[in-house]
Structure formats: structure tokens, C-alpha cells
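The following paragraphs walk through one chain, from its overall make-up to single contacts. Please keep the sequence and the coordinates at hand while reading.

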Amino acid sequence: MVPIRDNNPTKITPYVTYGLIAANVLAFIYEASLPPQYLDSFFHLFAVVPRELTASFGGITVNQPVPEWVTLITAQFLHGGLLHLAGNMLFLWIFGNNVEDKLGHVKYLFFYIGCGILATLAQWYFSQTSAVPSLGASGAIAGVMGAYIIRFPQAEVLGIVPLGFFFPTFRVPAYFFLGFWFLQQAFYGVASLEAPTNIGMESGGIAYWAHAGGFLFGAILGPVLGLFREDSEQEKFTGY
């Protein structure tokens, strides 16, 4: 199921969401300009390498010019391929603007980065000795989706189901679409505990625990930061 848009209008221009999308696209363009041997070094430098993060938490120097804790942020703007980038940015485009609308620009930015950090740490917890770099905006965007589902559960999501040459559309409530997505990530996360060499970050695949963890952290942090705040009286009467 591929979402296209939702029917949930906003009252603001989501500058932060636009800025995050632009930053991710620019970072990917830079990645694409690097020769393969330099790209590998670039990923090991700015993506999260779990065993190096584990060593840094233990006070062991990993001999990297960039402190390992910094990669918890920089890794959020890196992607392993065009489809990886496109999928993440599509979800951010659809669901990010509404969360930004409710949190406000500044709190939304901190919320986004915070969810990304916590999501990466959730994945790290289950892969502490992995040497495979972990990267991508998926964990942060999962946090956005977690906030979205509890604030706008009844919002309608329009999507398509690719079936060969046919692309039937569907309309479902956000709680169904995002809830199914979360259960899928949690299921594969549990499965990866039994087969770490075939599923998840050990094979350079999908970091399911980052997705599931980010989703839960977003659902928790969103309300704390004011996700359910009421519009001001001025906004109610003027429509601004």
C-alpha cells in the first residue's frame, strides 16, 4: 500500500517539513556525487555504526574525526538509495505537515530530531555489535507517524495498491493504515531477533526496531510537546 495524500488540511505553511525534505535531497545528491570507495568511507563516518557507538558509550575512543554521538543526528539525513529516499520523503510530505501544524515549527524540529535519535538507539539496543552502518530518516518519520495516528486517527489516507499493470486506489482511516504499518514493523523486528543475519541491520537491510521504536516515541513525545493543544481564541474566530 502506497499512500498518495491525506484529506487533512493545515493552517500553516510547513516550512520545517519542506526544509527537512530539501536537506535530505541535497545530502543524497552529494552522496551520489561520491565515487564508491569514498561513499563507503562517508557512510562509516557520518552514519551510525552500532559497535562504534557501543564502544563510545563505554568510554573507548574509536579514532573517528566525528564523535560517534553526532552520527545519531547526521545519519538521519543519509539514504542508501533513491527508493529509500523517495519512500521516506513521501511519508514525511504526507504526514509531517499536520504534526508541524499542531506542534509549531520549533518544537516540531526538536521533536523530529529527538524521535530520530531515540529510534536509532532502539535499533542499536538490539544490534550493539553490528558493523553495518545504520542510516536514513525512517526512525524520525516513524515518530511523526506515531504522533499523527493519535492526533488524527480518523483522517482519511488515499493510496494505491500496485498490482502489476493495475493501480487500484483505496481510502482508509489513518489509524488503519498507520496501525497496520506499525504492527508490520514490530512483527519483523521480533522476527529479526531470531534471524539477525537475514533480517534487519545485520544484513544492511531494514532497521525494523528503529521504525517501531520511533513510532512509539513519537506517540509519547507528541502529546508532551503540545500535540493536543487547542487553537487560540483568535484562531477560532479569524481562521488564521
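What share of the contacts in the chain with a separation of 6 or more is accounted for by residues 24 or more positions apart? The share is 77%, where contact means heavy atoms within 4.5 Å. The model is predicted: local features need pLDDT of at least 70 and side-chain atom pairs count only at pLDDT 80 or more, while totals for chains, interfaces and linings use all residues. Residues are numbered from 1 along each chain as its sequence is written, and side-chain values use heavy atoms, with hydrogens and water left out.

The chain holds ten helices and three strands; these are DSSP runs numbered from the N terminus, with helices being H or I of at least four residues and strands E of at least two. In sequence order the pattern is β-α-α-α-α-α-α-α-β-β-α-α-α. Of the 240 residues in the chain, 46% are buried (buried is under 20% relative accessible area, exposed over 50%, partly exposed in between, with a 1.4 Å probe and protein chains only).

Helix packing comes next. Two packed helices are described by the angle between their axes and the distance between the axes. Here axes are lines fitted to C-alpha atoms, for helices over the stretch in contact, and angles run from 0 to 180 degrees between N-to-C directions. Helix α5 (residues 82-103) and helix α6 (residues 105-126) have axes that come within 7 Å and cross at roughly 125 degrees. The two are therefore oblique to each other; angles under 35 degrees count as roughly parallel, over 145 as roughly antiparallel, 65 to 115 as roughly perpendicular and the rest as oblique. On the α5 side, Leu92, Gly96, Val99, Glu100 and Leu103 meet His105, Lys107, Tyr108, Phe111 and Tyr112 of α6. By class, the residues of this contact of α5 with α6 are six nonpolar, two polar and two charged (Ala, Val, Leu, Ile, Met, Phe, Trp, Tyr, Cys and Pro count as nonpolar, Asp, Glu, Lys and Arg as charged, and the others, Gly among them, as polar).

Helix α6 also packs with helix α1 (residues 15-32), at an angle of about 40 degrees and with the axes 9 Å apart. That angle makes α1 oblique to α6. From α1, Tyr15, Val16, Thr17, Leu20 and Asn24 meet His105, Tyr108, Leu109 and Tyr112 in α6. This contact of α1 with α6 has six nonpolar, three polar and no charged residues.

Beyond neighbours within four places in sequence, Ile94 is in contact with Pro3, Ile4, Arg5 and Asp6.

Glu156 lies in strand β2 (residues 156-160) and Arg171 in strand β3 (residues 169-173), so the pair ties together parts that are 15 residues apart in sequence. Glu156 counts as partly exposed, at 28% relative accessibility.
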